[in-house]
Amino acid sequence: MSDKDENHLISERRAKLAKLRERGVAFPNDFRRDALAADILTAYGAKSAAALDAEAVTVKVAGRLRAKRVMGKASFARIDDSSGSIQLFLQQQTLESVYDDFKSWDIGDVIGAQGTLFLTKTGELSVRVERLVLLTKSLRPLPDKWHGIADTELRYRRRYVDLIMNEDSRRVFETRSRIVRYLRAFLDARGFLEVETPMLHPIPGGAAARPFKTHHNALDSAMYLRIAPELYLKRLTVGGFERVYEINRNFRNEGVSTQHNPEFTMLELYQAYADYTDLQVMIEALFQGLADTLLGTRTVNYQGTEIDLSRSFARSTIEDIILATNPDVDPMSLRDVAYLRRVCEHMKIPFKPGDGAGKLQIEIFERSGEHTLVQPTFAYAYPAEVSPLSRRNDADPFITDRWELFVGGRELANGFSELNDPEDQAQRFQEQAARKDAGDEEAMYFDADYVRALEYGMPPTAGLGLGVDRLVMLFTNAASIRDVLLFPHMRPE
């Protein structure tokens with residue numbers, strides 16, 4: 001439809017609304033629905049015409065007008081509500097003047113109808129309408145019902161129209177809601193306490209990311225939108241909440257892609273008296289239970305690839321993955337800074353002068369290894385240099401007791417044994433502060449209060465962050481994170 005045609009239709013609809021206003025019947029709010037389409041079909045869909053006539057079931061339904069077929073003194077219409085669709089049968093002799101009004105109503109209008117249930121000659125359960133009300137006049141025409149919104153960007157910008165037209169989109173967000181409910185039920189059953197922590201932070205922390213900065217006028221101080229709730233949740237662990245979680249919104253001032261949005265949802269949890277291997281067992285059980293609940297199978301088809309969640313997930317160190325995907329790399333030089341710089345230069349991977357062996361390893365891993373981890377894989381033994389909040393490995397202080405879970409070639413979760421040594425933590429914060437002073441905008445700040453909290457004593461603890469958006473992508477077969485966000489961020493029109 002051209003802009004000219006659309007503008008003409010909008011003008012016609014505005015004229016109809018003006019007439020409704022003159023009659024004092026625009027946008028009424030006195031109709032109360034008592035039944036949904038799906039419930040009606042479930043309860044009465046199998047009954048015979050004679051049984052329906054004998055019961056004389058009266059219902060009040062309401063929804064968006066999606067189709068109409070006017071045939072002189074009798075017409076059919078179809079409305080959609082949040083549960084599904086139902087057919088209306090309208091007769092002039094029953095509705096009188098409202099019937100003539102109905103002829104001018106438009107697809108997209110929201111209407112209410114009261115009547116009795118019956119079966120048409122073709123056997124379709126329908127409502128024989130006795131009362132009909134125009135509840136909302138739609139001023140803009142809907143897209144063609146067979147094609148919906150063909151422009152993907154327009155679908156994201158006008159999600160409200162996408163949801164009207166696209167049942168698949170509605171199903172994605174219904175599934176998202178089920179996933180979040182499952183996460184809560186899974187953790188509640190294991191004795192975790194759901195909490196809420198601040199979204200405005202005086203010091204951004206808990207992740208290596210560039211924050212959004214704002215200003216609190218009353219306190220006359222800089223504030224940052226949360227990049228992660230980690231340091232607040234671990235303060236609660238110090239305080240005696242031994243199992244806590246938060247399903248939270250995080251904000252990171254970074255790029256937009258099929259995997260990234262400036263604000264996103266994460267599940268973050270902490271469990272005292274546990275380590276990172278305990279969390280591997282937990283996350284496997286969570287994924288498998290979620291697959292059983294949503295799909296009834298532990299095989300997930302994602303973008304044409306079958307993901308097998310039925311077995312224990314693979315485990316491989318960062319260094320082993322680098323060697324497996326880069327056979328020319330010398331295994332004896334994996335911690336040699338000069339050698340790793342040459343490897344990065346050969347692979348055209350940018351790096352900073354202050355990057356050590358751990359940071360260079362991760363740059364190589366992200367370029368060459370991540371995308372190969374299609375089946376569920378715990379990549380573990382992350383270098384301490386890129387893990388400032390993780391506990392060092394007892395046998396090898398170069399690495400930490402940390403893993404990231406990859407499925408379909410992308411990271412879905414990050415878990416580790418927490419660093420609870422306050423002196424070690426202070427030293428790592430100082431190293432991060434030095435990186436920030438050298439120009440690394442993603443390096444962490446020194447959080448003196450968090451170090452003070454650790455000085456009171458945090459029990460041995462393991463923590464986990466799970467990307468809810470990416471989890472939804474996996475279980476709804478969505479190629480882009482924008483497909484699972486109701487209102488993804490876009491460039492201004």
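Tutor: Gladly! This is a predicted model, and we can begin with its overall form. Along the principal axes, the C-alpha trace spans about 90 × 50 × 50 Å.

Student: What makes up the secondary structure of the protein chain?

Tutor: There are 16 helices and 18 strands. As for cover, 48% of the 493 residues are buried. The accessible surface comes to about 24,300 Å², and carbon and sulfur atoms hold 50% of that.

Student: Why is R335 called partly exposed?

Tutor: Its relative accessibility is 38%. Buried needs under 20% and exposed needs over 50%, so R335, at 38%, counts as partly exposed.

Student: How do you know that R335 and D396 meet in a salt bridge?

Tutor: The test asks for a side-chain nitrogen of Lys or Arg within 4 Å of a carboxyl oxygen of Asp or Glu. For R335 and D396 the N to O distance is 2.7 Å, so the pair passes the 4 Å limit. R335 sits in the loop between α11 and α12, and D396 in the loop between β15 and β16, so the pair ties together parts that are 61 residues apart in sequence. A search of the whole structure finds 38 salt bridges.

Student: Which residue forms a salt bridge with E404, and are the two buried or exposed?

Tutor: The partner of E404 is R402, with the closest N and O atoms 2.7 Å apart. Both E404 and R402 are buried. Another pair to look at is D440 and R435, whose side chains meet at 3.4 Å, N to O. That value is within the 4 Å limit, so D440 and R435 count as a salt bridge. Both D440 and R435 are buried.

Student: Which residues are linked in a network of salt bridges?

Tutor: R13, K16, D106, D109 and K137 are linked in this way.

Student: How do you know that β16 and β17 pair?

Tutor: Two strands pair if there are at least two bridges between them. Strand β16 (residues 402-407) is joined to strand β17 (residues 410-417) by six bridges, so the two strands meet that rule. They run antiparallel.

Student: What is the order of the eight strands in the open sheet?

Tutor: The order is β6-β10-β11-β18-β17-β16-β15-β14, and the pairing is mixed.

Student: Why is one side of β6 and of β14 left without a neighbour in the sheet?

Tutor: β6 (193-194) and β14 (314-317) stand at the edges, and each has a single partner strand, so one side of each has no neighbour there.

Student: What makes strand β3 largely enclosed by the rest of the structure?

Tutor: Strand β3 covers residues 85-91, and five of its seven residues are buried, so the strand is largely enclosed. Strand β2 (residues 74-80) pairs with β3 in the antiparallel sense over seven bridges, and A74 has Q91 as its bridge partner in β3. The two strands form a hairpin with four residues between them. β3 also pairs with strand β5 (residues 125-136), in the parallel sense, over three bridges. There, the bridge partner of L88 is V127.

Student: Why does K348 count as exposed?

Tutor: Its relative accessibility is 69%, and exposed means over 50%, so K348 counts as exposed. K348 lies in the loop between α12 and α13. Although K348 is not a glycine, its phi is positive, about 60 degrees.

Student: What is the phi of F27, and where is the residue?

Tutor: Phi of F27 is near 55 degrees, a positive value in a residue other than glycine. F27 is in the loop between α1 and α2. With 39% relative accessibility, F27 counts as partly exposed.

Student: Which residues make the nonpolar surface patch?

Tutor: Y160, L486 and F487 make a patch of about 350 Å². Y160 is in helix α7, residues 159-165.

Key. Residues numbered from 1 in each chain as written. Predicted model: local features only at pLDDT ≥ 70, side-chain atom pairs only at ≥ 80, totals over all residues. Heavy atoms only, no water. Patch = residues over 30% accessible without salt bridge, like charges linked within 9 Å, V, L, I, M, F, W, Y side chains within 5 Å. Areas by Shrake-Rupley, 256 points an atom, 1.4 Å probe, with all protein chains shown as cover. Buried < 20%, exposed > 50% of the residue type's maximum accessible area, 1.4 Å probe, protein only.
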